[in-house]
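Notebook open, structure loaded. I'm jotting things down as I look them up.

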Amino acid sequence: QENAETPTTACDGLRNTKLGELPWRILRARLRRIVAVTDEEVEAARAELLARELGPVEPSGAATVAALHAGKVESEGTTACVVSGGNV
């Protein structure tokens, strides 16, 4: 599937219109579900990371933390979030 329009979001690193064949095969085989976060949830996560002195994080890099903080994914025990970037 290809998005007809480019999504409007602060998370420019996640703003793809088409997923490649190999990534799609990998995701289809392993993915349990997809959750969406709002730009507001991402900005709140970025502010939290900055307040904890974890440095500047680009919006796309804070999406995993946003999903966790917004309660869109459950955390059982230790949870790791990939956080990246400083293109701010």
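I began with the outward side of H2: the face turned away from its buried side carries the exposed residues Glu40 and Ala51. My cut-offs for that: buried is under 20% relative accessible area, exposed is over 50%, and partly exposed is in between, with a 1.4 Å probe and protein chains only. Helices here are DSSP runs of H or I, at least four residues long, and strands are E runs of at least two, both numbered from the N terminus.

Before going on, a note on what I have: this is a predicted model, where local features need pLDDT of at least 70, side-chain atom pairs count only at pLDDT 80 or more, and totals for chains, interfaces and linings use all residues. Residues are numbered from 1 along each chain as its sequence is written, and side-chain values use heavy atoms, with hydrogens and water left out.

**H2, continued**

Which residues of H2 are buried? I get Val42, Ala45, Arg46 and Leu49. They sit on the same side of H2, because they cover an arc of only 100 degrees around the axis (the arc is taken over directions from the helix axis to the C-beta atoms). What they pack against is H3.

I also checked the span. H2 has 13 residues and reaches 18 Å from first C-alpha to last, close to the 18 Å expected at 1.5 Å a residue; the expected span is 1.5 Å times one less than the number of residues. After H2 comes Glu53, with a positive phi near 60 degrees.

In soluble globular proteins, nonpolar side chains tend to be buried together.

Leaving aside neighbours within four places in sequence, Val42 touches Cys11, Val37, Pro59, Ala62, Ala63 and Ala66.

**Cysteines**

How many disulfides are there, if a disulfide is a pair of cysteine sulfur atoms within 2.5 Å? I count zero. Cys11 is in none, and its nearest cysteine sulfur, that of Cys81, is 14 Å away. Cys11 counts as buried at 5% relative accessibility, while Cys81 counts as partly exposed at 29%.

**Salt bridges**

My criterion was a side-chain nitrogen of Lys or Arg within 4 Å of a carboxyl oxygen of Asp or Glu. The whole structure gives four; I wrote down some of them.

- Glu74 and Arg33 meet at 3.8 Å, N to O. Glu74 lies in the segment after helix H3 (63-69) and Arg33 in the loop between helix H1 (21-30) and helix H2 (39-51), so the pair ties together parts 41 residues apart in sequence. Glu74 is exposed at 64%; Arg33 is partly exposed at 46%.
- Glu41 pairs with Lys72, closest N and O atoms 2.9 Å apart. This one links helix H2 to the segment after H3, 31 residues apart. Glu41 is partly exposed at 23%, and Lys72 is partly exposed at 25%.
- Arg52 pairs with Glu48, with closest N and O atoms 2.4 Å apart. Arg52 is exposed at 56%, whereas Glu48 is partly exposed at 28%.

Methods. Disulfide = S-S within 2.5 Å. Contact = heavy atoms within 4.5 Å.
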